[in-house]
Each structure stands twice: as C-alpha cells, then as structure tokens.
Amino acid sequence: MARITLDNLKHSYSANPVSMDDYALKEIDLDWTDGGAYALLGPSGCGKSTLLNIISGLLNPTSGRVMFDGEDVTALPPDKRNIAQVFQFPVIYDTMTVYDNLAFPLRNRGVEREQIDNRVHEIATMLELTDSLSTRASHLTPDNKQKISMGRGLVRDDVNVIMFDEPLTVIDPELKWKLRSKLKELHQSIASTMIYVTHDQTEALTFADQVVVMQEGEIVQIGTPIELFERPLHTFVGHFIGSPGMNILPAEMVNGSVRFLDHPVELEGPIKDSKGSLEIGIRPEYVRIGTKGIPAVIRKVADIGRRTVIEACVNDILVNAITEKVPPETGQEVHLEFEPNQTRLYADSWIATEVGAQ
Ligand code: ADP
Ligand code: MG
C-alpha cells in the first residue's frame, strides 16, 4: 500500500508535440493517500487509460514524476512497482483452472502453499467463483472470465495499489450492479489503495470516496460524490454528473445583477469573477414549478419511477426540472423558480460565485 503522488505529469503520444492539443495528458497533479478508494471519471478519450498506464509503468510520461510514498518511481519498470492492474477485457490463462489462475500471482512470488490456498478460497468466495475453482478457464462465460481477472488483481495483499480500467465493460447489467457493490465491500475488507477508472458516473460515485473528473487530458474537479453533485466547479462536471445533468443557461450581467433572458436570478452568493462568457448553473432537482418566477411552457413530462423529469421551455431555451409532486401536463404554462443557494454562476465554464451572503 502506498500514497501516490503525480507531479506535473504531461504525456504526448507524438514524438514531436508542438501545441497543447498534441498532449493526451496536459498537466496532472494529484495526491492520493494510502488506502483510499478513488475513481477516475471522464468520457472516452479523455486520457484515463493513459494516466493508469503511466502509474503502472507501462508508459513513460513525456514529462513529470510519479511517486509512491514520496519515492520517485518514474523510471522503474512495471514489475518493480508492485501494482495490480485489471483491464477492460479478461487477461487470464485459458488452459489453467480457475484455481490456478487465481493462485498464479502468488506462486510467482513464492508464497507458501497453505497461504495460497487460503487466499484463493477467500477471493473465490468474495467473487462467487468457489463452485468453478476446478473448471478450466476456457469453459467459462466472458462474465466469469472477467471475474477471474479481477480476482487475480485482488489476490495479492502486498501491492502498492490495485487499478481497475473499466473492468465491468463485458459484464452483463445485473451482475454489473452486484460486482460494483462487491468491489466497494472488497475495498473495505482489503484496505488497499484502489483506483477505479470508468466513464460511467454511477460506477464512479458508488465505488469511490473521492472522484477525479477528467476532460480532454485535464482534471476539472476532485471531490467526494456529494461535492461533485452539489457544487460543480466547472460546467462540464455539472452536465456530466447527474441524470439529467445540471441546467447550464445563458446569462448576462445588467447593472451588477445577473439575468437569464431578462429575468433577474438570485445566486448562491457574491460574484468573484464575471469576466468572459457567463452561464447560470442550476440542477433540475432545485428547479421548482409553480405560479411565480420565470414564465415557461411544459414540453415533455417523463415518469422515471418515484420522480418525474420535466422539460420546460423559457422562450426556446430548455430547462429540466425534477419533481416528486404531481407533475404538470405537456403544453401547460407554468413558472419556474431556482432555489437561490443552489444557483451558481460560471464564467468561461469555471465557477464564478462564492457561497454566502451577497
Ligand atoms: P480513455 O481511457 O479516457 O478513453 P485514452 O487514455 O485511451 O483515453 O486516450 C487519450 C487520448 O490519447 C485519445 O485521444 C486517444 O486517441 C489517444 N491515444 C491513446 N492511446 C494512444 C496510442 N497508443 N497512440 C496514439 N494515441 C493514443
Ligand atoms: Mg480507456
């Protein structure tokens, strides 16, 4: 187990990078404490696997340093870093039994037979693989093969970090849900530093205590799931997290107050920066539908179980609202109110308000 520090990491796959656009990772600084559960969350192509491969040593960064417990490991090859990495698709030995696959990383390190046996059974129980321990891996379904792959990552107890790169891609939806909560349990019982990479917000938010949100090779916010939901520091986090995501609405400053299509809007607190293009951010959960506020017309009403998602139009701008009350009907004229302490201002996509009295 180790604390992991990434210091000013940059990576370009091009031999002669000229502009920042040539970098898959632009400038990454991170400090992950020992024993934490972390997620790297971002859309496909934002640089998540590049970052993991730099941490594991499969890739050398163009510049910057990787440190374990304060020691520079940037130049160390993968086998000297003591890391377990689970990939998107199963990496197992098809001709071996499930037992031998799980035992392999331990036998490789000369662990005693009895200790191996205990650990293999322990991991197999956690992953519900006990019944197939003597089956040859080639006879298993893709789901079960991926479970072995995960088991091989979890079986050693001496690793600095266990990293999962979108490990549930090949798993069917029902089992996905189960394995997701299982991994969280495993983190609690194994207490290793774990880094979980995914483009799926539900996976990231259920697994991690702290989530790093990436976009186009950069970190846009690091926070707990609640922090990311409550107060996105960047509009990207606002609309990427949440279902539907945050409403990001055009805004302008008129005589020192902020307006959305000529309607004055009360914000969470004082404005610290109003330079650049302004937008208001308000989550659908905090848009109230009633008889006062901004006039709007209901365009669509969708029942999603306990809650209803409502699409309302203010002129031609769409505002989503979520309600647990009896919903309005399509075509109905209503008014929208934004809960002031949940209404943020963004300037050039970055948060521009402070929390507190105006
Ligand atoms: P993610 O894992 O978030 O989907 P990646 O780290 O795989 O993203 O990719 C980040 C960027 O780097 C993408 O633009 C991708 O096309 C590019 N990239 C990834 N691997 C290579 C490679 N081996 N050679 C060149 N470009 C690559
Ligand atoms: Mg990837």
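**Close-up views of a predicted model**

**View 1. Lining of the largest pocket.** In this predicted model, 20 residues line the largest pocket, and I83, A84, Q85, R109 and R156 lie nearest its centre. Two or more lining residues come from each of strand 6 (83-86), helix 2 (98-107) and helix 4 (142-154). Strand 6 gives the most, with 4 residues. The pocket holds about 590 Å³ of space. By class, its lining has 10 nonpolar, 6 polar and 4 charged residues.

**View 2. Lining of the second largest pocket.** This pocket holds about 260 Å³ of space. Its lining consists of E285, V287, R288, I289, R307, I310, I322, T323, E324, K325, V326 and P328. Strand 16 (287-290), strand 18 (307-314) and strand 19 (317-323) each supply at least two of the lining residues. Strand 16 gives the most, with 3 residues. The lining divides into 6 nonpolar, 1 polar and 5 charged residues.

**View 3. Surroundings of ligand 1.** Around ligand 1 stand Y13, A24, P43, S44, G45, C46, G47, K48, S49 and T50. By class, this shell has 4 nonpolar, 5 polar and 1 charged residues.

- Y13: a polar side-chain atom lies 3.5 Å from a nitrogen atom of ligand 1.
- G47: a polar backbone atom is 3.1 Å from an oxygen atom of ligand 1.
- K48: a polar side-chain atom lies 2.8 Å from an oxygen atom of ligand 1.

Taken alone, ligand 1 exposes 560 Å², and the protein buries 53% of that.

**View 4. The largest cavity.** The count comes to 1 cavity of 30 Å³ or more. The volume of the largest cavity is about 40 Å³. M126, L127, E128, K147, L175, K178, L179 and K182 line this cavity. Helix 5 (residues 173-190) provides the largest share of the lining, 4 residues. The lining has 4 nonpolar, no polar and 4 charged residues.

View 5. Strand 1 (residues 4-11) pairs with strand 2 in the antiparallel sense over 5 bridges. Within this pair, I4 stands opposite W32 in strand 2. In general, strands of a sheet pair through backbone hydrogen bonds.

Note on methods. Residues numbered from 1 in each chain as written. Chains lettered and ligands numbered in written order. Predicted model: local features only at pLDDT ≥ 70, side-chain atom pairs only at ≥ 80, totals over all residues. Heavy atoms only, no water. Near = heavy atom within 4 Å. Polar contact = N/O pair within 3.5 Å; in protein donor to acceptor, adjacent residues only side chain to side chain. Areas by Shrake-Rupley, 256 points an atom, 1.4 Å probe, with all protein chains shown as cover. Nonpolar A, V, L, I, M, F, W, Y, C, P; charged D, E, K, R; others polar. 1 Å grid on protein atoms, 1.4 Å probe; cavity = no way out; pocket = protein on both sides within 12 Å on 5 of 7 lines; lining within 4 Å. Points joined across faces, edges and corners; volume = space filled by probe spheres on them. Pairing = 2+ DSSP bridges.
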